[in-house]
Amino acid sequence: MTILTFKKTVVGGIAASILALGALPASAAQRMSAPIPDWTGGAVVCKLVQTILENEMGYKIKAITMPSGAGVYEAIASGDLDYACESWPSYSSSKDIMIKEFGGDGTVQYMGPTGIVGVSSYYVPRYFVDEVAPDLKSYEDLNKYKEHFSTIETSGKGRLIACPTPAWECDDQKRLDLLGVDFVAVELGTETAAWAEAQAAYSRKEPFLLYAWEPHWIHAKLDLVRIELPAHNADTWPATGWAEDVTFNYANPDSMAEHTDAAHVLSNMDLSNSEQAKMVLDIDVDGKDIGEVVDAWLAENESIWRKWLP
Amino acid sequence: MDTGKNRLLMWAAIVLGFFSSIILVRNAGDASVFPAFISDPFQFSEWINQGEDWLKKNYRWFTRMIAGWIETALYTVEDFLIESPWLLILMLFILPSIAYGGLPLGLLTLVGGLFWGGVGMWEPTMQTLALMGMAVILSVFFGILLGITSAQSDRFESILKPILDTMQTMPAFVYLLPAVFFFGIGGPPAIMATMIYALPPVIRLTNLGIRQIPAETIEAAHSFGANRLQTLVKVQLPLSLPSIMLGINQTIMMALGLVVLATFIGADGLGSEVWKAIYKLRVGWSLEGGLCIVFMAIIFDRLSLALGRPKPSALPANTTRFYLLPQSFDIYPIAKIIERPIGAGWNFIAMCGQGFTQIIAVTLGSIVNLFDSVRGQAFVIGIRRHAFLVSSIALLLSISIFDHFFGIGEFLESMQFSFREPVDNAVAWLTVNPAFIAFTKGLRALVYLYFLHPLDVFLTYLPWYIVVAVLSIVSWISVGRNFALVCFCLLMFIGACDLWEQAMLTLSSVLVSVLICFIIGIPLGILSTRSKRFDMILRPVLDAMQTLPSFVYLIPVLMFFGGNIVSAVIATVIYALPPVIRLTALGIGQIPVTYTEVSSSFGGTTSQTLIKVKLPMALPSIMLGLNQAVMMALAMQVVTPLIGGVGLGREVFNALNTSNTGEGLAAGIGIVLLAIILDRLSQAWTQTQRDALGV
């Protein structure tokens, strides 16, 4: 028995020393957490904010990979995440529940626009316009070419690779019906699925009609032509095109009351579409590392981002 | 019901019913709608949302407290795994693998570990390992407790059973978002969600293991004066250990199934690698991440099974010859060329280990001897008996010390490899390959036009009361009156939640997927019993199919088959196929040789023997495969909306996007209810087959 206990102590002691030699605890600092958006544009904005907060204000930001959507809003409201960047009003129905400015209960705070303005529309590949349909410019011309866009599931009608989920409130089918476009809006469930479908069709040089928006990395990979839709009009929606998406940052109110300097950056940043597009191109087309691209931009454009600081 | 006349009547009724329902469907202009006077007052999702709000207000402090504890524990484990030198961690896995599974398992673990580091995913792998390890440990702890409790009380067992069924079939997407509010983001909610899903097997198998112990054994324990607690700890638990270990094995497998979903609530690890990759349509990258999960699954599967077997009394190296490959391979000289050096090297290592232990034993023993000679003797023997343990600890310690002074550093650059590019290229090549695309387009048209679309229309257009009536009657005939009543209530619930059409679409997708599984699976199963070589190739493929996260192949399937319901069906087939193949092969393999010999001696040809003897004899096993395939296909219905699947799964997914717990739960319950109905029906049919064959 004694040997057994002795042995246990020895084994325990050795295990403890292996543990102690193996690992060292990390030290604490002025910490915040933020999600990394899964699209490159958003990731660039977030990385910019993160780098500025870390380099200029001594924060330590924990960046968490998390698909955008309701989960991020939920986590910001509960204080598990401190802030998030570049929310697209059209694609976040949670804002109506949680952000005061959109009619919500104020559990999430609206910080201010990022400067990136997006717009959604329908697109066809350039090769289709060049080779088959040089006169395809607006939604009125779509019916002429509908058999090119039809699949076995749409029985003669054209197919639109539509807004992937009803949560985005695109009302694609209603729009098509109201505008008299003889197409079926097919929802693929996720954005990724829509891009995969477009990418596959593009590599086979097949015609497709795709719902997409700008700025977006898909335009760096595929050469797409925008189809004209009627200008946005809230009264006749959804028989019109989309409103401009003024993207914004949002945050946890308590955290921002505490970290006022960070709140200042999140409210006052102003990045233009073209500046963002340059960085997105470097990352998605040239395959550069996002950290390096952002560092290089910060080094070259001090005059722009210095203005965002308090 | 056993006379021929009755059987004829039944078939006549089925045929008549089928044609009259076709006429009904043809006359119906649109999908059948459940009456509003039932569904309008039944605001299930509203009630759930109100309940959730109440819980959020009153119990959040409590769940957050638990989350805090879990987080502390998790980060301790995670920091240890990540910040320790990789060599130390690798050895920590390899040594137990050798001790319990012999050298082949040790080599498997070595290959897996080198793969994790080799593709540059050591850190995410460790994060996932910490997360899953934590979830499994907690599941095993609570699972064994609950399993023991339900073995003591029949009443508790009967209450627990439907809850466990629900936990296993309820799509995880339903409780993922509420978990964020109650447990925060990252590890803790992911662990809680994993536990909900992975807890049932260990409870079930603990319960089963204890209940299977013969009453005589328990009585013997009682008659020797053991009280209830003593009987439990000293008799029941040790005797049910193999069963409990099997439960733990299943729990590990199920926990690994949730790895990718955990990324949706901010848990880092392999799941987020896979997600990042598929978001950018990088198939090769996601495959690397997926294979890391496959290796993890296979290693822990084998290791936990090995732990369940009785431990070999001798050191693994003490066996006279080392076999890496099956012994039937001995006829090939190449096998010996591979095995000999490994065996010799291994023997050398074992000798070093024993020599070292000897030195330690003698040195320490002589020190103890100075004080107490009797204990000194026992001490030497004790240490010698644990040569493996002693040398293992020495090895780990020396790695730690070496790292402390010199630093082992990162995983070696020269050992890294990547196959992202070739995989991406292969996918890109197949996407544009005219012959392959012609094939996929043809298959897509065939499945859609002749199976899926007609069945979709049939099930959704058929008036709801007919479906309810038919399913209830079938339940009555094949299971019993009580279940018919349950079935009726469940279907009415689906209708009242306004989910009738979605439920029928889900049913249709599941039925078509399972049908395709059978068309492909039964021939493959038969083939694998006929050719050993084919079986050897098939086995690892099936293992990988079952453990590879389905996210990995969603994107290639979509690129080849297009974004539509057929892609969803194909992905479902990939996921649900393995049990059909396995159980067909098992069923045929189990048939005694005498049966087939009798058949051939009566002049039956190979195909006659197969069709008239083997397949009917294997039917119970094949029906079990049907049951499993149906359940797996249903589980997949929550994943396929990611690439265009429709039905209840899409409702769950949409609810996730709008953080509407009530609607998600209603659709999730819809899936659970379909699962219960289909499960009971197919089980009853399997039983009928078994009874008919007298097995």
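**Close-ups of the cavities**

View 1. Helices H7, H27 and H28 (661–693) of chain B each put at least two residues into the lining of the second largest cavity; helices here are DSSP runs (H or I, at least four residues) and strands are E runs of at least two, numbered from the N terminus. The biggest contributor is H7(B), with four lining residues. This is a predicted model, with local features needing pLDDT of at least 70 and side-chain atom pairs pLDDT 80 or more, while totals for chains, interfaces and linings use all residues. Residues count from 1 along each chain as its sequence is written, chains are lettered from A and ligands numbered from 1 in written order, and side-chain values use heavy atoms, without hydrogens and water.

**View 2. Inside the second largest cavity.** The space comes to about 80 Å³. A cavity is a set of points on a 1 Å grid over the protein atoms alone where a 1.4 Å probe fits but cannot get out, and lining residues have an atom within 4 Å of a point. Points join across faces, edges and corners, and volume is the space filled by probe spheres set on them. Among the lining residues are Phe173(B), Leu177(B), Val652(B) and Thr661(B).

View 3. Of its 42 lining residues, Pro67(A), Ser68(A), Gly69(A), Trp168(A) and Asn657(B) sit closest to the centre. Elements giving two or more residues include strand E1 (31–36) of chain A and helix H12 (270–279) of chain B.

Methods
On a 1 Å grid over the protein atoms alone, a cavity is a set of points where a 1.4 Å probe fits but cannot get out, and a pocket is an open set with protein on both sides within 12 Å along at least five of seven lines; lining residues have an atom within 4 Å of a point.
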